[in-house]
Amino acid sequence: MLTVVKNQILVCMLSVKYNIMREMLNKVTFLMNVTFMILNNASILIQWFVLFRLREDIGGYTMREVMLLWGLMAASFGLSHILFARVYSLPELIVSGKLDSYLVQPKNVLLGVMTSSTNISAIGDLLYGLILLAVCGLGVRGFLFSLLFVVTGMIILTAFALFLGSLAFWFVRVEMLSGEMVMGLISFATYPDGIFQGISRFLLYFIMPVGMIVYHPVHILVRFDAGMFFTVLGYACLLSAVAAMVFYRGLRRYASSSLMEARM
């Protein structure tokens, strides 16, 4: 059993490796995509420097907490899109019947789909996020914790996209809902949670898992809370299991297309 799992993981790692190598064939385009993504993210952060010149805190956050917020979200987003970019176009694969080629491969269907594509510009997001986390003065222990939260954030974001995308097995036009929900999550995650009240705050913690991706981790990094820490870890495991279950339940309903497509 362990050997099978190990082999599946190795195959998926090789898939990601070759996806990245294929994208890096044109080195100029690769470097430009990464560089411009870093610059684009950095330019947006400038507005926060201006705002914090006008007031000391916003929603209970100082500039340091906002940098942690952006660092965690950018790094989690980047890592997810480097490793599992195909998850974000899963509804299109399902509706157009393009899952056929994955069903005949010897590797796990879900892992095969998830690791079959990469977004090379997301490397810029990952590097930008890690740079922000490194300059926030967390210390070695705090920085290691932040890397753990980048991984949990990546898992939760990927699982959330997988769950939404898998609904395409039952409902049409889910790609619009999935795309809007994921982009909405990313947008909300770049603002302090203190500015949200009432129903909006409820939605960000219980419907869209923004709280588990960035808000709880930021609070933990500022002041460690064991209960909150294990809540984040448990939520990442639970959402991943639920998303995988929904995908495989939906896969039973999958109707093959007449397309002939081969994947190497």
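Visitor: Which residues does Leu45 touch, not counting those up to four places away in sequence?
Guide: Leu45 touches Met63, Val66, Met67, Trp70, Tyr128 and Leu132, where contact means heavy atoms within 4.5 Å. Before we go on: this is a predicted model, with local features needing pLDDT of at least 70, side-chain atom pairs counting only at pLDDT 80 or more, and totals for chains, interfaces and linings using all residues. Residues are numbered from 1 along each chain as its sequence is written, and side-chain values use heavy atoms, with hydrogens and water left out.
Visitor: Thanks! Which residues have the most contacts inside the largest nonpolar core?
Guide: Leu45, Leu99, Val214 and Tyr215 do, in a core of 80 residues. Such a core is a set of buried Ala, Val, Leu, Ile, Met, Phe, Trp, Tyr and Cys residues joined through side-chain atoms within 4.5 Å. Buried means under 20% relative accessible area, exposed over 50%, and partly exposed in between (1.4 Å probe, protein chains only).
Visitor: And which helix gives the most to this core?
Guide: Helix H3, residues 63–83, with 13 residues. Helices are DSSP runs of H or I with at least four residues, strands are E runs of at least two, and both are numbered from the N terminus.
Visitor: How many helices and strands does the protein have?
Guide: Twelve helices and zero strands. Of its 264 residues, 47% count as buried.
Visitor: New topic: is Ser146 buried or exposed?
Guide: Ser146 counts as buried because its relative accessibility is 0%. Ser146 sits in helix H8, residues 139–166, and a polar atom of its side chain lies 2.5 Å from the backbone oxygen of Phe143.
Visitor: What else does Ser146 contact, leaving aside neighbours within four places in sequence?
Guide: Leu72, Leu133, Leu138 and Leu221.
Visitor: At what angle do H8 and H11 pack?
Guide: About 165°, with the axes 9 Å apart; H11 covers residues 210–222. Axes are lines fitted to C-alpha atoms, for helices over the stretch in contact, and angles run from 0 to 180 degrees between N-to-C directions. H8 and H11 are therefore roughly antiparallel, a term for angles over 145 degrees. Among the residues making the contact are Ser146 and Phe149 of H8 and Pro217 and Leu221 of H11.
Visitor: Last one: how far is Gly234 from Thr152 in space?
Guide: They are 9.7 Å apart, C-alpha to C-alpha, and 82 residues apart in sequence. Gly234 lies in helix H12, residues 226–251, and counts as partly exposed because its relative accessibility is 38%.

Terms used:
Polar contact = N/O pair within 3.5 Å; in protein donor to acceptor, adjacent residues only side chain to side chain. Parallel < 35°, antiparallel > 145°, perpendicular 65-115°, else oblique.
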